[in-house]
Amino acid sequence: MSVRFPFGAPLVLVAFVAGCSELDDPNASSAAAGTVAVPVEVGAVERGPLTYRRTISGSLEAATEFVVAPKVGGRVVRLEVELGDPVERGQVVARIDDDELSQAMQQVEADLAVALASQAEALSALEISRRSVKRLEALRKDGVVSESELDVGLAEEVASQAHVAVAEATVARARAGLQAARIRLSYAAVTADWADDGGTRVVGERFADEGGNVPPNTPLLSVVQLDPIVAVVYVAERDYRLLSLNQTATLTTDAYPGQVFRGHVRRIAPIFKSATRQARVELELPNPDVLLKPGMF
């Protein structure tokens, strides 16, 4: 891949006039007879632009690339996409065996049912203790029951309230566990997702096969964006000062002889690599037909 940067600067074009003088030598006429006349064009001095071009080699990279990995481990039941297939945002690209995750969710659902039953029992006991206290208070006014008997009833009411609080906390914990189990179960359907809605992307590589067991966060495949595409070149110090953002450039590659692609400077590194004394420059090129591929030289 070759990239050419044009830089504009004024150029003064000067036309020189060539002349000859006559000689008094008698042999001059005979010498002149054997000389071929050369036409000379005279023009005015003009000022025009000078285009300074630099040709630099580099390689193509995907505009964006990320690896899709499952958040839970297990056997890869199915890969929904193949190499080179288009991928939409949020699309399911692989499925992990979810038998254990489904069983875990059923267990948590059962725990939630037990917690709800305990909560209902605690609420019922609290209601009974409150009624008992009201009855004891009425009897205490009539002098039928003693103060100590009323205190016992009040203590039972407080204990029932504590049991209700514990039951409610148990229910909340069970519901949180159920939500976590549902989330983990959803992770069995591995999706390809990205922040911006940049349109369709494609599968660049596959790292796993169906039937294999993979631990969590093991790469399954990579997803790349090919339109636009990025050309990466490294420039020396003498050319660095002439670069600017959005500056135009043309690109050629051996894959398409004679075809020229046009782009612009997207990023310029603020530092030079100490080993090469060169700075990284990224060019962005439209690639609607996906002719250019990452890795091309």
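**Notebook: contacts, a helix and a sheet**

I began with the contacts: in the protein chain, residues 24 or more positions apart account for 77% of the contacts with a separation of 6 or more. A reminder to myself that this is a predicted model.

Next I looked up the overall make-up. The protein chain holds four helices and twelve strands. I found that 28% of its 297 residues count as buried. The accessible surface of the chain comes to about 18,800 Å², and carbon and sulfur atoms make up 54% of that.

Then I turned to helix α3, which runs over residues 147-186 and has 40 residues. From first C-alpha to last I read 59 Å, close to the 58 Å expected at 1.5 Å a residue. Which residues of α3 are buried? My list has Leu150, Gly153, Glu157, Ser160, Val164, Ala167, Val171, Ala174, Leu178, Ala181 and Leu185. I also checked what these buried residues pack against, and noted α2 (99-141) and β6 (189-192).

Strand β6 took me on to a sheet. It is an open sheet of four strands, in the order β6-β5-β3-β8, and the pairing is antiparallel. I noted that β6 and β8 (213-214) stand at the edges with a single partner strand each, so one side of each has no neighbour in the sheet.

Last, I looked at one pairing within that sheet. Strand β3 (residues 74-79) pairs with strand β5 (residues 91-96) in the antiparallel sense, over three bridges. For Arg78 I looked up the bridge partner in β5, and found Arg95.

Note on methods. Residues numbered from 1 in each chain as written. Predicted model: local features only at pLDDT ≥ 70, side-chain atom pairs only at ≥ 80, totals over all residues. Heavy atoms only, no water. Helix = DSSP H or I, 4+ residues; strand = E, 2+ residues; numbered from the N terminus. Expected span 1.5 Å × (residues − 1). Buried < 20%, exposed > 50% of the residue type's maximum accessible area, 1.4 Å probe, protein only. Contact = heavy atoms within 4.5 Å. Pairing = 2+ DSSP bridges. Areas by Shrake-Rupley, 256 points an atom, 1.4 Å probe, with all protein chains shown as cover.
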